[in-house]
Every structure is written in C-alpha cells, then in structure tokens.
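Open the model in your viewer and keep the sequence panel beside it. This tour tells you what to select at each stop.

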Amino acid sequence: ETRVYGFHRLYPSWLFPGRSQLDPSPSPPVDVEARRWLIPWWPFSWRRVQRDWAAWRPDTVVIQWWVPFMAPMTAWLASRARRLGIRVTMVCHNVLPHERSRLDTTLVRMALSRADRLIVHSIVDRTQAQALLPDCAVEVAPFPSYADVRSTVWSRERARAGVGVDGRVLLFFGFVRPYKGLMDLLDALPAVLAELDVTLLVVGEIWGEAESYHDRVKTLGLDSRVRFFDRYVSNDEMAMFFAAADLVVLPYREATGSAALQLAFGFGVPVVATKTGSMAQAVDDGQTGFLVEAGDVNGLSRVIVRFFREGRAAEFRHNIRQNQKRFTWEAVTTAALKPIQLA
C-alpha cells in the first residue's frame, strides 16, 4: 500500500526565481492519490502529514531531497517518522546544491542526518554524503530513464511541424541556470555553423536574467539559428520537442545526475554531454553519445559536427534502446525498500 504526499505550495513567490510553480501537465493515470498538503515554510502542513503517518503506521517513508530550503521540513518529518518507528529513506537528487551559500552545508547535514539510508545517483554524491555523514548508510542507484514518457502521438515529422523546424536540430532542455553551461553551447555554435546548418532549440524557463543569453545570441549573429521557448513545458510539449530533436546537448559546467539526460535516453535521442557527475558513467562515449570536458567550447563544437558528419544517429539510437535496462526504476525501489536496522 502506497500513499503519496505532495506540495500545496513549494516556495514563497518572493523567493522563487521562476514564474510558475505549477506543472501544466495532466495528472498521470495512476491509482495512487497524491495528498497535496505540504508547504515547506508552514509547520502546520507538516503536522498534517505526521498525523496521517501516526494513524496509518507505514513501514517506510521515502523522502525526496532537493535543496537546503527544504531542510527544516525534511528534518522535522524524518524525526517524527523515526519516533513512530518508521524507517526513513531519502533519495538525494543533489546532496549539496550546485550554487551554494555558507549555510547550506549545515542545513544539509541537519536534514540528511535524520535518515536511516540515503540513496544517491552518482559516486560524486556518495563521496559528498559520506564526508558529511560518515555513519550514514549510502547506496548508489543510477538515475533511472524516463522511458515511460515516450509518446506515440509525436512522430518526427509531426513534431517538427509543431515546433516549426526542419534540417538538423539540437535541443537544450530544462531550467536554464548558469551551471548548465548554455553560454558554452552558444559560444560553440558559430564553429558548428561554419561546417553545417543546425537549429538550436532552448526549451525551459530561464531562471535569472534572460537578457544575457539573448545578448550573446545577437553578438554572435545567431538570431536565425537559436529559438528560445522560455517557459515550463507540459509533458506533451516535452515529448514534441524531443521527437523533433536529432541531438540533445548537455554542456553542464557541473552536475551530479541529469534528468534531462535520462529524458533524452527515454525518448531514444543521442546526447552530447560533459564529463561531470554521473553523466560520464551514463553516456557510453562513442556509443550512445559523445563526452567532452566541461567548459571545452572547441571540443563541444567538434563532437556536434562529428555526430552529423559521421551519420551516427541510427547507431546511437539503436545502442540507447539496447542499454535501457541499465537505467531501470527497480534499482531505486529495491534500494528504498531494502530492510533497515533501526538504531
């Protein structure tokens, strides 16, 4: 028996760097009801969840860990669960945030120390977790593939008509933040265009100043080659953009895992990624994509050109399908439900 506890609100509007906190996608057709009760800065909402646990008495609580802002709520919920004799597993999307303040390490330690087990998606995160909490059990489970979001509605032709593109198409997908290296990709694009025609789709809400990216596009003379879709897109729109793309480019300056990478693999689209975090282990260089050093603009342009010049699309797509079993959700659920010896 499973119960899901979601958020009624995530952030106060003054603190949220984006424009919308609501996913416009239709609810998935599942039998599990999501109790949208939690507000991270409102303790009365935490108590509502704790009262539900006290009446229900689950065996295990699995808490998602994202950012230090969630630390007080996470620490409180985990402590109350353990008082009720409930095992606590935390799935860490990032142990430490990409963009950190001095307070973050203290907040992270406060929250994660309440877990009986941590599940991380990369060796880098395991090292960080063990450095912060030497006595905590930490398991690595590869970031799973989002193969289930694949859509039969969007053929390549229909998707390209929907987006309004043709020819060779690159896709940068997800929230646009400095550590994701979009500036490096823009700087690499003139060298790519000197060799072949491409269109870059930048799909995702820009957090922070959008003008810097638009200014770089104008400075480099890329206005006709770069299209911005500066918003949070629904699952259906997401499927359209991936179906339209030849190659997903992930030029991250730093990373642990990448949901965008596993979305690409779920849709069967090859990737160019940097050798950072778990992406270096997830991408088989020369088989399912190409890897370059973070910040290497020249290397980035070279492998994009190589992908198209060598006609590697069909080979890479075949290899991605063959590798899907590496990134199953069973690895995460097995780790989450493994018996824990309570202290």
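**Before you start**

This is a predicted model: local features need pLDDT of at least 70, side-chain atom pairs count only at pLDDT 80 or more, and totals for chains, interfaces and linings use all residues. Residues are numbered from 1 along each chain as its sequence is written, and side-chain values use heavy atoms, with hydrogens and water left out. Helices (H or I, at least four residues) and strands (E, at least two) are DSSP runs, numbered from the N terminus.

**Stop 1: the sheet**

Select the strands in the order β9-β8-β7-β10-β11-β12. They form an open sheet of six strands with parallel pairing. Two strands pair if DSSP finds at least two bridges between them. Where are the edges? They are β9 (226–229) and β12 (289–292), each pairing on one side only. On average, neighbouring strands of this sheet are turned by 20° against each other, direction ignored. Such angles run from 0 to 180 degrees between N-to-C directions, with axes as lines fitted to C-alpha atoms.

Now pick out β10 (247–250). With β7 this strand pairs in the parallel sense over two bridges. Leu170 has Leu247 in β10 as its bridge partner. Three bridges join β10 to β11, again in parallel. Here Leu250 stands opposite Ala273.

In a regular strand the side chains alternate between the two faces of the sheet. Which residues of β10 point to which side? Leu247 and Val249 are on one side, Val248 and Leu250 on the other, and all are buried. Buried means under 20% relative accessible area, exposed over 50%, and partly exposed in between (1.4 Å probe, protein chains only).

Step on to β11 (residues 271–274), which is joined to β12 by four bridges and runs parallel to that strand. Find Thr274 and its bridge partner in β12, Val292.

**Stop 2: helix α11**

Select residues 297–309. This is α11, with 13 residues. From first C-alpha to last it reaches 18 Å, close to the 18 Å expected at 1.5 Å a residue. The expected span is 1.5 Å times one less than the number of residues.

Colour the buried residues, among them Gly299, Leu300, Val303, Ile304 and Phe307. What covers them? The cover includes β7 (169–173), α6 (182–193), β10, β11, β12 and α12 (313–322).

Look at both ends. At the start of α11, a side-chain oxygen of Asp296 reaches to within 3.4 Å of the backbone nitrogen of Asn298. Just after the helix, Gly311 takes a positive phi of about 60°.

**Stop 3: the largest core**

In soluble globular proteins, nonpolar side chains tend to be buried together. A nonpolar core is a set of buried Ala, Val, Leu, Ile, Met, Phe, Trp, Tyr and Cys residues joined through side-chain atoms within 4.5 Å. The largest one here has 38 residues. Show Trp53, Trp65, Leu77, Met90, Val95, Leu112 and Leu118, which touch the most other members. Helix α2 (71–83) is among the elements giving two or more residues. A second, separate core of 37 residues includes Leu201, Ala239, Phe241 and Ala245.

Zoom in on Trp65. Its contacts (heavy atoms within 4.5 Å) include Met70, Thr74, Val91, Cys92 and Leu112, with neighbours within four places in sequence left aside.

Then follow α2. Its buried residues include Ala71, Met73, Trp76 and Leu77. Cover for the buried residues of α2 comes from elements including β1 (4–7), β2, α1, β3, β4 and α3. Gly85 follows the helix, with a positive phi near 80°.

**Stop 4**

Pro68 is in the loop between β3 and α2. It is buried, with a relative accessible area of 6%. Pro68 touches Pro97, Asp104, Leu107 and Val108, not counting residues up to four places away in sequence.

Asp116 is in the loop between α3 (104–112) and β5 (117–120). Is Asp116 buried or exposed? At 11% relative accessibility, Asp116 counts as buried. Its side chain makes a polar contact with the side chain of Arg82 (3.2 Å). A polar contact is a pair of N or O atoms within 3.5 Å; within protein, one must be able to donate a hydrogen and the other to accept it, and residues adjacent in sequence count only if both atoms are side-chain atoms. The backbone nitrogen of Val88 lies 2.8 Å from a polar atom of the Asp116 side chain.

Finish at Arg57, in the loop between α1 and β3. Arg57 has a positive phi of about 55° although it is not a glycine. At 48% relative accessibility, Arg57 counts as partly exposed.
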